[in-house]
Amino acid sequence: MSSTRTAAAVPSRAGEGQQRSSPTSVASPMNAGQQQQQQQQQQQPTKPKVTPPPRRAKSSSSKKQHPEMVVDKRIVDELLLVCGVIGSNTTTVDEATGQATEKFVPVTDCLNWLQDLQRALRRDHETYRPISLLLGQWRIVSQKLLPLVMSCRYDKAMVLTVCKILVILTKPLSEDAKRAGRLTVDVKSKKVEER
């Protein structure tokens, strides 16, 4: 009884396929078409394979669970609601010139929503400030608050409320808050990882 094995292609360290066989293996015969295809493949320059970097093993020391960095889901929902209903950008096209202009249009009770945002920021943790960091990740200042001030610059109460919010958001960070800014806050799983 004789055992026959076909040669198997095993990738080498450089990423190219090589024919490797064991001492007892016998190569299977190839027809002329298969030989031409194999020669063409060997002659063509191979594209380097892009592979993602290997994932680091997550150990308990790499994940930092800090209870003060966890933002409650109800607060996140409230912040999303408030930041979503403050107003929106609308594009209008001037019929005479054909020029498109963007304008921020606030909702009718925008001042009340801004005061709700101000109250939420006052409830923020004094040292770690996860709500302020979350609003920074959402880019609320550049996308909502500043366009609101530009469109409602003559409404003193609204501009004053936005200024109060900006003061709260821009007060100096403590060392713990700076360290917390380097942490990733995962709202869904309540995990905190350092970047």
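**Close-up views of a predicted model**

**View 1. Arg139 sits in the loop between helix 4 and helix 5.** Helices are DSSP runs of H or I with at least four residues, numbered from the N terminus. This is a predicted model, in which local features need pLDDT of at least 70, side-chain atom pairs count only at pLDDT 80 or more, and totals for chains, interfaces and linings use all residues. Residues are numbered from 1 along each chain as its sequence is written, and side-chain values use heavy atoms, leaving out hydrogens and water. Arg139 is not a glycine, yet its phi is positive, about 55°. Arg139 is exposed, with a relative accessible area of 56% (exposed is over 50%, buried under 20%, partly exposed in between; 1.4 Å probe, protein chains only).

**View 2. Helix 3 (residues 110-122) crosses helix 4 (residues 130-138) at roughly 130°.** Their axes come within 8 Å. Axes are lines fitted to C-alpha atoms over the stretch in contact, with angles from 0 to 180 degrees between N-to-C directions. Helix 3 brings Leu117, Ala120 and Leu121 to the contact, and helix 4 brings Ile131, Ser132 and Leu135. Contact means heavy atoms within 4.5 Å.

**View 3. Lys144 lies in helix 5 (residues 140-151).** Lys144 is buried but has no salt bridge (a side-chain nitrogen of Lys or Arg within 4 Å of a carboxyl oxygen of Asp or Glu). The nearest side chain of opposite charge, Glu102, is 11 Å away; Lys and Arg count as positive, Asp and Glu as negative, and His and the chain ends are not counted. Leaving aside neighbours within four places in sequence, Lys144 is in contact with Cys83, Gly84, Gly87 and Phe104.

Note on methods. Helices (H or I, at least four residues) and strands (E, at least two) are DSSP runs, numbered from the N terminus.
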